[in-house]
Amino acid sequence: MTVLLDRVDVPMFTEDLVDRLADRRRQIAALEAECADLVAELVERADHEALGHRSLVGLLVDRVGVSSGAARGMIRVATALTDMPATRLALAEGDIDLPRARLLASARDTNPVLFARHERTLVDAATSLGMTDTTRAVSYWTQQANLGAAEAGAAAAWDRRRLFVSTVGSVVHLDGVLDPVSGQVVMTALGLATDRGNLDPCDTRSAPQRRADALVEMCRDRLERVEPDDPRTERPHVMVHLSLDALEGRAGRPCELDDAGVITPQEARMLSCDARVTRVITGPDSRIVDVGRTTRVVSTGMRLALAARDRGCVMPGCGAPRRWCDAHHVVHWADGGPTTLDNLVLLCARHHTLVHQGRAWIPRRE
């Protein structure tokens with residue numbers, strides 16, 4: 001690899017690249033300190049109206065090209081740094097970066113008087129520790145500096161919790177924020193569920209893909225654990241509306257989920273491998289003419305026998321427990337395959353999907 005150095009392509013050793021990058025980062029920090037000084041001066045002068053702007057935020061957005069959120073952040077940090085000499089000097093000399101400066105500025109907001117006494121110590125910690133440990137150290141200081149504020153902050157974090165689930169095109173988007181305690185519960189559960197993937201040398205999923213699959217597995221497990229005497233008349237499961245044509249594999253026919261919308265016939269066949277099926281006959285105007293009795297494709301007894309035989313997902317190295325698995329028809333029942341032990345295997349959700357996509361194959365039983 002070559003790096004442009006003084007207008008000449010000069011080969012560089014890896015150590016030289018790292019040193020050069022570190023030097024550039026120090027220069028960026030120094031420039032950030034200078035920018036903060038300039039913003040602080042603009043705050044002091046308050047001449048934005050004379051320049052035709054209703055606020056300094058508007059001036060920065062229009063003249064500097066930053067977003068309104070970034071402009072507010074620049075003003076907040078610049079204002080704080082005027083009363084944080086040790087932090088300002090460390091940033092100017094490249095000893096800390098802007099994220100650490102922002103972190104220290106936020107800590108100062110909780111107790112400015114105490115921060116002034118402890119600033120040098122906190123800056124030393126930010127200079128010598130990695131970002132994770134710096135965040136931890138500053139968080140502990142903040143907690144001790146103003147326990148009431150820390151508790152209020154925890155309550156505010158709880159109040160900010162949210163989870164958005166939306167369907168965009170053919171995919172479902174998740175976006176959310178959790179308080180630290182709830183977030184740790186989720187991360188621990190996901191970590192426990194994804195650890196199984198490390199046992200499979202053939203598992204080529206990325207970490208985000210393993211987390212996504214783990215979340216789905218945990219939700220499936222929760223649905224299966226609803227007690228039979230639940231006051232609701234039907235256990236809450238995924239409902240698929242599809243035509244016989246779609247079930248037989250023909251695209252373009254009615255085939256959709258309640259909330260997530262249209263799915264492919266292959267996905268519908270996968271879901272119907274181990275499901276309850278209700279026959280609904282409709283007339284030409286889509287009016288329901290008859291509704292048949294709901295039956296389970298794989299009976300409870302057959303499922304128990306299958307679980308006793310396979311114990312869990314049959315794919316080598318998987319290790320998914322039986323409660324996380326579907327009963328998969330080797331020859332789909334829509335194609336005339338029988339619901340017998342010889343035609344059934346347990347597959348976890350991931351391998352079940354891969355098999356139906358033709359990207360994995362069931363091992364031959366000895």
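## Leu 304 on the surface

Leu 304 is exposed, because its relative accessible area of 58% is over the 50% that marks an exposed residue. In this predicted model, Leu 304 belongs to helix H13, which covers residues 300–310. Arg 322 is 18 residues from Leu 304 along the chain, and the C-alpha atoms of the two are separated by 9.9 Å.

## The chain as a whole

The chain has 366 residues, and 30% of them are buried. Its secondary structure consists of 14 helices and 13 strands. The accessible surface comes to about 23600 Å², and carbon and sulfur atoms account for 56% of that area.

Contacts can also be sorted by how far apart the partners are in sequence. Of the contacts between residues at least 6 apart, 47% join residues at least 24 apart.

## Leu 257 in strand E6

Strand E6 spans residues 255–257 and includes Leu 257. With a relative accessible area of 17%, Leu 257 is buried, since the limit for a buried residue is under 20%.

Leaving aside residues up to four places away in sequence, Leu 257 touches Val 238, Met 239, Val 240, Ile 263 and Leu 271. His 241 is 16 residues from Leu 257 along the chain, with a separation of 6.2 Å between their C-alpha atoms.

Thr 87 sits in helix H4, residues 85–92. Thr 87 is buried, and its relative accessible area is 0%. When residues up to four places away in sequence are not counted, Thr 87 touches Leu 81, Ile 96, Ala 101, Leu 104, Phe 115, Glu 119 and Val 123.

Helix H6 covers residues 112–128, and its axis comes within 8 Å of the axis of H4, the two crossing at roughly 25 degrees. H4 and H6 are therefore roughly parallel, as the angle is under 35 degrees. On the H4 side the contact is made by Pro 85, Ala 86, Thr 87 and Ala 90, and on the H6 side by Phe 115, Glu 119, Arg 120 and Val 123. By class, the residues of this contact between H4 and H6 are five nonpolar, one polar and two charged.

## The packing of H5 with H7

Helix H5 (residues 98–110) packs with helix H7 (residues 131–145) at an angle of about 10 degrees, and their axes are 9 Å apart. That angle makes H5 roughly parallel to H7.

From H5, the residues in the contact are Pro 99, Arg 100, Leu 103, Leu 104, Ala 107 and Thr 110. They meet Met 131, Thr 134, Thr 135, Val 138, Trp 141, Thr 142 and Ala 145 of H7. The contact of H5 with H7 is made up of eight nonpolar, four polar and one charged residues. Leu 104, listed here for H5, is also one of the residues that Thr 87 touches.

## One aromatic pair

One aromatic pair is found in a search of the whole structure. The pair is formed by Phe 115 and Trp 141, with ring centres 5.8 Å apart. Their planes stand at 85 degrees, so the pair is edge-to-face, the cut-off for that class being over 60 degrees.

Phe 115 lies in H6 and Trp 141 in H7, so the pair ties together parts that are 26 residues apart in sequence. Both Phe 115 and Trp 141 are buried. Each also takes part in a helix contact described above: Phe 115 in that of H4 with H6, and Trp 141 in that of H5 with H7.

Notes
Residues numbered from 1 in each chain as written. Predicted model: local features only at pLDDT ≥ 70, side-chain atom pairs only at ≥ 80, totals over all residues. Heavy atoms only, no water. Helix = DSSP H or I, 4+ residues; strand = E, 2+ residues; numbered from the N terminus. Buried < 20%, exposed > 50% of the residue type's maximum accessible area, 1.4 Å probe, protein only. Contact = heavy atoms within 4.5 Å. Areas by Shrake-Rupley, 256 points an atom, 1.4 Å probe, with all protein chains shown as cover. Axes fitted to C-alpha atoms, helices over the stretch in contact; angles between N-to-C directions. Parallel < 35°, antiparallel > 145°, perpendicular 65-115°, else oblique. Nonpolar A, V, L, I, M, F, W, Y, C, P; charged D, E, K, R; others polar. Phe/Tyr/Trp six-rings, centres within 6.5 Å; stacked < 30°, edge-to-face > 60°.
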